[in-house]
Amino acid sequence: MTSIGIIGSGFGALAVAVELKRSGHTDLRLWERADDLGGVWRDNTYPGAGCDVPSPLYSFSYEPNPRWSRRYALQEEIHAYIRKVADKHGISPLVQYHREVVAATWNERTSTWTVTFADDTAQTVDILISAVGQLSRPKLPPIPGVETFTGTSFHSAEWDHDFDATGKRVAVVGAGASAVQFIPKLAGEAARLTVFQRSPNYLMPKPDKPYTAFHRTLFRIAPVTQTVERGGIWTIMEQFAQGLKDESRMGKVNKRIAMRHLDKQVKNPELKAKLTPDYPIGCKRILFSNEFYPALARANVDVVTSAVTAVTPDGVIDAEGTEHKVDAIVYATGFDAQNFLESIDITGAGGQKLATQWADGAHAYLGMYVPHFPNLFVTYGPNTNLGGGSIIYMLEAQARHMRQALDRLKAGGYTTVEVTEQAEESYDREIQDKLDVSVWSHCDNWYRHPSGRITSNWPGATLPFAKRTKVLEPDAYSWS
Ligand code: NAP
């Protein structure tokens, strides 16, 4: 029986675990560093946290949820959905908690992976699957003085729920996807809210709506209605993704929608100028909100279009040298997405270090397989993130592909599978060529490694990825 270890317990881990369990694998274990499952949907509990992909699509195709309370579900409901799917498919009992993986080493002699945890214990498995995602390590900006601040400060992904903003002066550093969701709530509480927006984002209206009891009954007794809604949303998102290619017609349509939203919601010309991006739409993630612009237009909110360059014991200093005295700082500064799997010391065949191989940015065949690292599979790996669309659709495609690799290992009586260097290099060239003509190469964004390579994103819509990964190509790997 093949033993399989999965690092993580979020959507990626669940996608693979369910797929493998359904195909008869029983020696499965999920290693979770915390005391609950759910990945980013366990961690990100900031006010207003939710998904900007509609829930009928941001869910497993085989687990539609007729009970969603609204089209864009909030964090608690998504987390509850993950728990429910894990329970239903018998994955919850397979999760081992407080198991933070710090190292993994390939043993040539036994063709197994030895995985070491933070408490110095270890386990050995035949197949190692990383499902740590791209956005699991909150990033504080390297600003001098961060540790000297004497008020309350925290990262958006580690929200301090004891903090009460009522009557306080609060600084928010960053204005990305997370900030856009919690700023409206914070703006209604704080005496003064100062938003440090180094660069503005394109913002689109969010077609959110509560589902009524009628909808929920309909989805339950006639599931096809929810399938039709899912299909409609998927089709729109696939078109939306077309707008992420350079100079595309869809990009122009997206920009018109975003600029009209700004015109409609912000009347003050000075604020409008601050919120108007000067880079091609899509280069940074396009955001969706109906409440963000009105929150910024409030009398108690200031938008400072400058980076924070230093933190003092009682405030922050912006790039113009102005000091802003505040009682609290919320860092909405994103995640360490560029250094894939950096927190785990992974040693493959011949003593090859993954960190060395990926020193100029991560790359992997289909985002999942790495030469010199036999029997290592990566979910939501390099070049599989989306500028638009549901990552869960991508994760299901990856899980199906990994299942095929395991099927072939078994059918052929092999013990190891390793992608060839040629297959991986030629795939990487193809992907990088496509990324060269994407909008992401025109501004600073978290999709790029400091070397300049775009390491996060898949260049396009989700259907081409599903097609590309539908049938495993045995010749791309060596089997032994
Ligand atoms: P983010 O989009 O990376 O935003 C980080 C923000 O911090 C940016 O506005 C950045 O400015 C700013 N920043 C960094 N250092 C700064 C400094 N020294 N001074 C001033 N500003 C600074 O992070 P995020 O909002 O947490 O989102 C990360 C990703 O998580 C998203 O792209 C998305 O994939 C995912 N997410 C998804 C959802 C969802 O609804 N599905 C919700 C939240 C997050 P610059 O833009 O100038 O770099």
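How many Å apart do the C-alpha centres of domain 1 and domain 2 lie? Some notes on that and on a few contacts follow.

1. The centres sit 32 Å apart. Domain 1 covers 4–136 + 338–479 and domain 2 covers 146–202 + 266–331, with bounds from an automatic or database domain assignment. Bear in mind that this is a predicted model, where local features need pLDDT of at least 70 and side-chain atom pairs count only at pLDDT 80 or more, while totals for chains, interfaces and linings use all residues. Numbering runs from 1 along each chain as its sequence is written, and side-chain values use heavy atoms, with hydrogens and water left out.

2. Domain 1 puts in 17 residues and domain 2 puts in 17 residues. About 1,500 Å² is buried between the two, 52% of it from carbon and sulfur atoms; buried area here is the accessible area (1.4 Å probe) that two parts lose on being put together, summed over both. Look at Tyr46, Pro47 and Asp52: they supply 41% of what domain 1 buries against domain 2, more than any other three residues.

3. Asp52 turns up again in a salt bridge with Arg285, with the closest N and O atoms 2.6 Å apart. A salt bridge here is a side-chain nitrogen of Lys or Arg within 4 Å of a carboxyl oxygen of Asp or Glu. The count between domain 1 and domain 2 is one salt bridge.

4. Across the whole structure there are 24 salt bridges. Among them is Arg42 with Glu32, closest N and O atoms 2.8 Å apart. Arg42 lies in helix 2 (residues 40–43) and Glu32 in the loop between strand 2 (28–31) and helix 2, so this pair ties together parts ten residues apart in sequence. Helices (H or I, at least four residues) and strands (E, at least two) are DSSP runs, numbered from the N terminus.

5. Aromatic pairs number 28, taking rings of Phe, Tyr and Trp (its six-membered ring) with centres within 6.5 Å; planes under 30 degrees apart are stacked, over 60 edge-to-face, the rest tilted. One of them, Tyr365 with Tyr427, is edge-to-face at 5.3 Å centre to centre and 70 degrees between the planes.

How values were computed:
Contact means heavy atoms within 4.5 Å.
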